[in-house]
Amino acid sequence: MKFFFPDSQDQIDPSFDFDTEERSMLRVRQRDDLYAHEALRKPVIDGLLVSKAIVDGVAGGAGKYTLPQRHRLYREGVRQFFRLDGAAGPTLQTMGDCGAFTYVREDVPPYTPDQVIDFYHECRFDLGISVDHVILGYDPAADDHPDHPKIGTWRARQRLTLDLAAEFLTTSQGKKVHFQSLGVAQGWSPVSYAAAVQELQQIGYRRIAIGGMVPLKTPEILASLRAIEDVRDPHTQLHLLGITRCSNISTFASLGVTSFDSTSAFRQAFKDDKDNYHTQERTYTALRVPQVDANPKLKARIRAGEIRQEEALKREAECLSALRRYDTGRVGSNSVVDALVHYAELFDRRANYHAAYQEILEDAPWKSCRCGICEKVGINVAVFRGSERNKRRGFHNLYAFRQRLDSELSTRSAA
């Protein structure tokens, strides 16, 4: 089971000073900043997924790459760009896709198979996913109701995805590209997903990516995979696009899934209300200390004259000081929680993190973690503040996720 981490140009700056919150004047982002596979002590991912939409953008919107970054990616190739042959070793694979969710509201994909093939070939990916169009909906009852309000659109998107997959494979074979092609199956029910996989196999695919499942509940995913299993050739490997569900990974493996991609563990570090710091056994709520000049609620209250900026800056500084002192054993957890709650009164009076803060401070999970980040930055990894702390916590979460994944798979093997 291989875990691919989707790229969104997430890096950390090793020169960042957590006390002064300043960077080295000599820092060059692309040269000095670290990707997850460089920052962590052990390999936690099996490959990188890079979307054409992230690199090149779509009509009416730019991607996340600057123009110089785009040029360098095309010139150097994906392995050299991400420094994949360094400390992480040459075993990491690279996979390209179109980033279908970025154009999900469009009538047709903004890219042709030729354009996508050229992107994969020029950037020298190991694996390339065909052009697809996400189906927005899931309703097995639609299979038996031709008058279903969405069935016409869903069938059209599925047909388009399959036709594009056929063209993609024919064209890539004609160009004798070096990457392995994956066709995409889109569906709205177990029956429709199985039909798509069956046709993709007839086209000639032996690696198939299952798309559109991100919003689905676990029983719906499993029902679809079981229907696919009824038509899947034993040599056909499945890739789940955007799906984690670690507790179900053994079942996924038994149904032909050999790889998946997800940013869930990483993004929860700074997107979730409470599950921010992960361990193999559980999750914790991060300690919120927003920057006065970067928090919309604080800035709005200061502009409205409801609070003084000096008071906000004072409470912010008190929190940071208390956290540093706690990490070196000079104050107890109650002092830190009091400072955090006192500051939170200015920007989030409705939130009640008192018990959650007490829990993470008393457990101090970063002190026993050997991910390669926690040992270096200490309590800062548990502080919800700015991209340097938040992304480090996200990288740490990938380490914890890998531990859970390996544990699930080893349990299955033992059984």
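Student: How many positive and negative side chains does the chain have?

Tutor: The chain has 56 positive and 55 negative side chains, and the centres of the two sets lie 3 Å apart. Lys and Arg count as positive and Asp and Glu as negative, while His and the chain ends are not counted; each charge is placed at NZ of Lys, CZ of Arg, CG of Asp or CD of Glu.

Student: Where does this model come from, and how are residues numbered?

Tutor: This is a predicted model, in which local features need pLDDT of at least 70 and side-chain atom pairs count only at pLDDT 80 or more, whereas totals for chains, interfaces and linings use all residues. Residues are numbered from 1 along each chain as its sequence is written, and side-chain values use heavy atoms, with hydrogens and water left out.

Student: OK, new topic: how many helices and strands are there?

Tutor: The chain has 17 helices and 12 strands, taken as DSSP runs (H or I, at least four residues, for helices; E, at least two, for strands) and numbered from the N terminus.

Student: And what share of the residues is buried?

Tutor: Of the 415 residues, 53% count as buried, a word that stands for under 20% relative accessible area, with over 50% called exposed and the range in between partly exposed (1.4 Å probe, protein chains only).

Student: Which strand holds Ser-51, and why does Ser-51 count as buried?

Tutor: Ser-51 sits in strand β2 (residues 47–51), and Ser-51 counts as buried because its relative accessible area is 12%.

Student: What does Ser-51 touch?

Tutor: Setting aside residues up to four places away in sequence, Ser-51 touches Asp-97, Cys-98, Gly-99 and Phe-119, where contact means heavy atoms within 4.5 Å. Gly-99 is 48 residues from Ser-51 along the chain, yet their C-alpha atoms are separated by 5.1 Å.

Student: Which side chain makes a polar contact with the side chain of Ser-51?

Tutor: That is Asp-97, at 2.4 Å. A polar contact is a pair of N or O atoms within 3.5 Å; within protein, one must be able to donate a hydrogen and the other to accept it, and residues adjacent in sequence count only if both atoms are side-chain atoms.

Student: Now Thr-161: where is it?

Tutor: Thr-161 lies in helix α7 (residues 151–175), and Thr-161 counts as buried because its relative accessibility is 1%. A polar atom of the Thr-161 side chain lies 2.9 Å from the backbone oxygen of Arg-157.
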